[in-house]
Amino acid sequence: MKNLFFTILVFFLMFSNMQAEEVWKITSLDWQPYSGGDLTNQGNSIQKLREELKKENIRLLVEFYPWKRAQNIAINKDYVGYFPAWPEEVSDGFEESIAIDWSEIALMTKSDFNVEYTSIDELCSKYKFAIITTYVYPKEINDAVKKYSSNVVEAQDEMSLLKMLSKDRFSIAITDPNVMLYHAGKAGISGIKEYKVLQKKKLVLALRRGKNTEKRAKLLRKLFRK
(Lines give C-alpha, C1' and ligand atoms only; values in the text may rest on other atoms or scores of the structure.)
Protein backbone atom coordinates (compact mmCIF):
# COMPACT_ATOMS: atom_id res chain seq x y z
CA MET A 1 0.00 0.00 0.00
CA LYS A 2 2.84 2.39 0.85
CA ASN A 3 4.53 1.65 -2.48
CA LEU A 4 1.32 2.37 -4.34
CA PHE A 5 0.88 5.66 -2.48
CA PHE A 6 4.49 6.65 -3.21
CA THR A 7 4.06 5.84 -6.93
CA ILE A 8 0.88 7.91 -7.15
CA LEU A 9 2.62 10.81 -5.37
CA VAL A 10 5.57 10.73 -7.79
CA PHE A 11 3.27 10.78 -10.81
CA PHE A 12 1.26 13.63 -9.29
CA LEU A 13 4.39 15.72 -8.71
CA MET A 14 5.64 15.02 -12.22
CA PHE A 15 2.28 16.01 -13.69
CA SER A 16 2.20 19.18 -11.58
CA ASN A 17 5.65 20.20 -12.81
CA MET A 18 4.64 19.57 -16.42
CA GLN A 19 1.51 21.65 -15.96
CA ALA A 20 3.48 24.50 -14.38
CA GLU A 21 5.99 24.76 -17.23
CA GLU A 22 5.64 27.90 -19.30
CA VAL A 23 6.55 27.98 -22.99
CA TRP A 24 8.03 30.97 -24.84
CA LYS A 25 7.91 30.67 -28.62
CA ILE A 26 10.14 33.07 -30.55
CA THR A 27 11.44 33.53 -34.08
CA SER A 28 15.08 33.85 -35.03
CA LEU A 29 17.43 33.80 -38.01
CA ASP A 30 20.50 31.88 -39.13
CA TRP A 31 23.19 34.24 -37.85
CA GLN A 32 26.02 31.95 -36.81
CA PRO A 33 27.57 31.67 -34.28
CA TYR A 34 24.87 33.58 -32.34
CA SER A 35 21.86 31.68 -33.71
CA GLY A 36 21.18 28.98 -36.25
CA GLY A 37 18.84 26.06 -36.76
CA ASP A 38 21.67 23.69 -37.69
CA LEU A 39 23.99 24.69 -34.85
CA THR A 40 24.50 22.78 -31.63
CA ASN A 41 22.04 24.21 -29.10
CA GLN A 42 20.82 26.49 -31.94
CA GLY A 43 23.66 28.97 -31.37
CA ASN A 44 25.53 30.63 -28.51
CA SER A 45 23.01 33.39 -27.83
CA ILE A 46 19.97 31.11 -28.12
CA GLN A 47 21.64 28.69 -25.70
CA LYS A 48 22.30 31.49 -23.22
CA LEU A 49 18.66 32.61 -23.32
CA ARG A 50 17.35 29.04 -23.09
CA GLU A 51 19.50 28.15 -20.07
CA GLU A 52 18.45 31.23 -18.10
CA LEU A 53 14.74 30.73 -18.86
CA LYS A 54 15.02 27.10 -17.83
CA LYS A 55 15.88 28.28 -14.31
CA GLU A 56 12.38 29.78 -14.19
CA ASN A 57 10.77 26.59 -15.57
CA ILE A 58 10.27 28.23 -18.97
CA ARG A 59 10.84 26.20 -22.12
CA LEU A 60 12.10 28.09 -25.17
CA LEU A 61 10.89 27.12 -28.65
CA VAL A 62 12.67 28.73 -31.59
CA GLU A 63 11.55 28.90 -35.22
CA PHE A 64 14.11 30.02 -37.82
CA TYR A 65 13.27 32.19 -40.82
CA PRO A 66 14.92 34.81 -43.04
CA TRP A 67 15.32 37.91 -40.87
CA LYS A 68 12.53 40.11 -42.24
CA ARG A 69 10.09 37.21 -42.19
CA ALA A 70 11.11 36.33 -38.63
CA GLN A 71 10.25 39.89 -37.55
CA ASN A 72 6.90 39.86 -39.35
CA ILE A 73 5.83 36.47 -38.00
CA ALA A 74 6.70 37.39 -34.40
CA ILE A 75 3.89 39.96 -34.25
CA ASN A 76 1.45 37.04 -34.10
CA LYS A 77 -0.05 36.53 -30.62
CA ASP A 78 1.38 33.00 -30.41
CA TYR A 79 4.90 34.43 -30.21
CA VAL A 80 6.78 36.19 -27.43
CA GLY A 81 9.00 38.03 -29.93
CA TYR A 82 12.17 37.66 -31.98
CA PHE A 83 15.84 37.25 -31.03
CA PRO A 84 18.70 38.16 -31.35
CA ALA A 85 18.25 41.77 -32.45
CA TRP A 86 20.23 44.97 -32.18
CA PRO A 87 18.21 47.71 -30.43
CA GLU A 88 17.81 49.49 -33.80
CA GLU A 89 16.06 46.38 -35.12
CA VAL A 90 13.26 46.43 -32.53
CA SER A 91 10.31 47.51 -34.68
CA ASP A 92 6.90 49.01 -33.87
CA GLY A 93 4.76 46.71 -31.77
CA PHE A 94 7.74 45.36 -29.85
CA GLU A 95 9.67 46.35 -26.75
CA GLU A 96 13.42 46.03 -26.26
CA SER A 97 14.56 43.69 -23.48
CA ILE A 98 17.68 44.00 -21.40
CA ALA A 99 20.85 42.78 -23.15
CA ILE A 100 20.78 38.98 -23.41
CA ASP A 101 24.15 38.80 -25.17
CA TRP A 102 26.59 41.08 -26.99
CA SER A 103 27.60 41.60 -30.60
CA GLU A 104 30.03 43.96 -32.35
CA ILE A 105 30.13 46.10 -35.44
CA ALA A 106 33.58 46.22 -36.99
CA LEU A 107 35.54 47.13 -40.09
CA MET A 108 36.54 43.92 -41.86
CA THR A 109 39.27 43.99 -44.53
CA LYS A 110 41.71 41.79 -46.39
CA SER A 111 44.76 41.00 -44.24
CA ASP A 112 47.12 43.08 -46.38
CA PHE A 113 44.91 46.20 -46.46
CA ASN A 114 45.51 49.21 -44.21
CA VAL A 115 42.87 51.84 -43.50
CA GLU A 116 43.59 55.47 -42.68
CA TYR A 117 40.74 57.64 -41.40
CA THR A 118 39.73 59.89 -38.52
CA SER A 119 35.93 59.51 -38.65
CA ILE A 120 33.24 57.30 -40.16
CA ASP A 121 32.37 60.15 -42.50
CA GLU A 122 35.94 60.32 -43.81
CA LEU A 123 36.17 56.53 -44.03
CA CYS A 124 33.07 56.26 -46.20
CA SER A 125 34.15 59.16 -48.41
CA LYS A 126 37.59 57.63 -49.11
CA TYR A 127 36.91 53.91 -49.51
CA LYS A 128 34.49 51.61 -51.28
CA PHE A 129 32.66 49.76 -48.51
CA ALA A 130 29.88 47.22 -48.11
CA ILE A 131 26.92 46.67 -45.83
CA ILE A 132 24.20 44.04 -45.47
CA THR A 133 20.80 45.26 -46.65
CA THR A 134 18.76 43.50 -43.96
CA TYR A 135 20.73 45.03 -41.08
CA VAL A 136 19.63 48.21 -39.34
CA TYR A 137 22.92 49.95 -38.65
CA PRO A 138 23.52 52.71 -36.07
CA LYS A 139 22.66 56.26 -37.17
CA GLU A 140 26.26 57.33 -37.78
CA ILE A 141 26.77 54.53 -40.28
CA ASN A 142 23.34 54.98 -41.88
CA ASP A 143 24.02 58.69 -42.41
CA ALA A 144 27.35 57.94 -44.09
CA VAL A 145 25.71 55.29 -46.30
CA LYS A 146 23.19 57.87 -47.55
CA LYS A 147 25.79 60.59 -47.98
CA TYR A 148 28.30 58.45 -49.90
CA SER A 149 25.95 56.10 -51.72
CA SER A 150 28.26 55.91 -54.74
CA ASN A 151 30.85 54.15 -52.54
CA VAL A 152 28.38 51.62 -51.11
CA VAL A 153 28.10 47.97 -52.15
CA GLU A 154 25.04 46.13 -50.81
CA ALA A 155 25.13 42.45 -49.88
CA GLN A 156 22.07 40.31 -49.25
CA ASP A 157 23.67 38.17 -46.53
CA GLU A 158 26.90 37.45 -44.68
CA MET A 159 28.14 34.82 -47.11
CA SER A 160 27.74 37.14 -50.09
CA LEU A 161 29.54 39.89 -48.17
CA LEU A 162 32.44 37.58 -47.36
CA LYS A 163 32.84 36.30 -50.92
CA MET A 164 32.80 39.80 -52.39
CA LEU A 165 35.39 41.02 -49.88
CA SER A 166 37.65 38.07 -50.65
CA LYS A 167 37.42 38.95 -54.38
CA ASP A 168 38.24 42.65 -53.79
CA ARG A 169 34.84 43.98 -54.84
CA PHE A 170 35.33 46.63 -52.16
CA SER A 171 37.90 47.53 -49.52
CA ILE A 172 35.91 47.39 -46.27
CA ALA A 173 32.95 45.40 -44.98
CA ILE A 174 30.97 46.75 -42.04
CA THR A 175 29.51 43.86 -40.09
CA ASP A 176 29.82 41.70 -36.99
CA PRO A 177 33.37 40.26 -36.98
CA ASN A 178 32.38 37.05 -35.21
CA VAL A 179 29.85 36.24 -37.92
CA MET A 180 32.19 36.98 -40.83
CA LEU A 181 35.12 35.07 -39.33
CA TYR A 182 32.83 32.13 -38.53
CA HIS A 183 31.74 31.91 -42.18
CA ALA A 184 35.31 32.42 -43.40
CA GLY A 185 36.51 29.51 -41.30
CA LYS A 186 33.65 27.30 -42.41
CA ALA A 187 34.18 28.15 -46.10
CA GLY A 188 37.98 27.88 -45.91
CA ILE A 189 38.47 31.51 -46.94
CA SER A 190 41.69 32.94 -45.50
CA GLY A 191 43.19 36.40 -45.50
CA ILE A 192 40.27 38.19 -43.78
CA LYS A 193 40.87 40.25 -40.66
CA GLU A 194 39.03 42.39 -38.14
CA TYR A 195 40.54 45.83 -38.64
CA LYS A 196 38.74 47.78 -35.92
CA VAL A 197 35.66 47.38 -33.71
CA LEU A 198 33.42 50.42 -34.08
CA GLN A 199 30.76 49.57 -31.53
CA LYS A 200 29.80 46.92 -29.03
CA LYS A 201 26.12 46.12 -29.56
CA LYS A 202 23.46 44.71 -27.26
CA LEU A 203 21.62 41.64 -28.48
CA VAL A 204 18.08 41.93 -27.17
CA LEU A 205 14.84 39.99 -27.32
CA ALA A 206 12.24 42.09 -29.13
CA LEU A 207 9.19 41.42 -26.94
CA ARG A 208 5.81 41.59 -28.66
CA ARG A 209 3.68 44.19 -26.87
CA GLY A 210 0.78 42.63 -24.98
CA LYS A 211 -0.56 42.00 -21.50
CA ASN A 212 2.50 39.94 -20.45
CA THR A 213 5.19 42.17 -21.95
CA GLU A 214 6.19 44.01 -18.78
CA LYS A 215 6.14 40.80 -16.75
CA ARG A 216 8.49 39.13 -19.25
CA ALA A 217 10.74 42.19 -19.47
CA LYS A 218 11.01 42.25 -15.67
CA LEU A 219 11.90 38.56 -15.57
CA LEU A 220 14.63 39.05 -18.17
CA ARG A 221 16.03 41.99 -16.20
CA LYS A 222 16.27 39.73 -13.18
CA LEU A 223 18.00 36.96 -15.13
CA PHE A 224 20.42 39.09 -17.15
CA ARG A 225 21.06 42.25 -15.13
CA LYS A 226 24.54 40.98 -14.21
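User: In which strand is Pro84 found?

Analyst: Heads-up: this is a predicted model, in which local features need pLDDT of at least 70, side-chain atom pairs count only at pLDDT 80 or more, and totals for chains, interfaces and linings use all residues. Residues are numbered from 1 along each chain as its sequence is written, and side-chain values use heavy atoms, leaving out hydrogens and water. Helices (H or I, at least four residues) and strands (E, at least two) are DSSP runs, numbered from the N terminus. By that scheme Pro84, within residues 81-85, sits in strand S3.

User: And what is omega for the peptide bond that joins Phe83 and Pro84?

Analyst: Most peptide bonds are trans. The bond joining Phe83 and Pro84 is cis. Its omega is about 0°.

User: Is Trp31 buried or exposed?

Analyst: Trp31 is in the loop between S1 and H2. The cut-offs are under 20% relative accessible area for buried, over 50% for exposed, and partly exposed in between (1.4 Å probe, protein chains only). Trp31 comes in at 6%, so it counts as buried.

User: Which residues is Trp31 in contact with, leaving aside its neighbours within four places in sequence?

Analyst: Contact means heavy atoms within 4.5 Å. With neighbours within four places set aside, Trp31 touches Pro84, Trp86, Ser103, Tyr135, Glu158, Asp176, Val179 and Leu203.

User: How far apart are the C-alpha atoms of Trp31 and His183?

Analyst: Along the chain, Trp31 and His183 are 152 residues apart.

User: What volume does the largest cavity have?

Analyst: On a 1 Å grid over the protein atoms alone, a cavity is a set of points where a 1.4 Å probe fits but cannot get out; a pocket is an open set with protein on both sides within 12 Å along at least five of seven lines, and lining residues have an atom within 4 Å of a point. Grid points are joined across faces, edges and corners, and a volume is the space filled by probe spheres set on the points. The structure holds one cavity of 30 Å³ or more. The largest cavity has a volume of about 60 Å³.

User: How many charged residues are in the lining of the largest cavity?

Analyst: The lining includes Trp31, Pro84 and Glu89. For classes, Ala, Val, Leu, Ile, Met, Phe, Trp, Tyr, Cys and Pro count as nonpolar, Asp, Glu, Lys and Arg as charged, and the others, Gly among them, as polar. The lining splits into eight nonpolar and no polar residues, which leaves the charged count at one.

User: Which residues are closest to the centre of the largest pocket?

Analyst: That pocket holds about 270 Å³ of space. Of its 17 lining residues, those closest to the centre are Leu29, Asp30, Gln156, Asp157 and Glu158.

User: At roughly what angle do the axes of H6 and H7 cross?

Analyst: Axes are lines fitted to C-alpha atoms, for helices over the stretch in contact, with angles from 0 to 180 degrees between N-to-C directions. Residues of H6, including Leu161 and Leu165, meet residues of H7, including Val179 and His183. The axes of H6 (residues 158-166) and H7 (residues 177-187) come within 10 Å and cross at roughly 70°.

User: How do H2 and H8 lie to each other, roughly parallel or roughly perpendicular?

Analyst: Angles under 35 degrees count as roughly parallel, over 145 as roughly antiparallel, 65 to 115 as roughly perpendicular and the rest as oblique. H2 (residues 44-54) and H8 (residues 213-224) pack at about 100°, with axes 10 Å apart. H2 and H8 are therefore roughly perpendicular.

User: What is phi of Asp168 near?

Analyst: Most residues other than glycine have a negative phi. Asp168 lies in the loop between H6 and strand S8 (172-175) and is exposed at 54% relative accessibility. Its phi is positive, near 65°.
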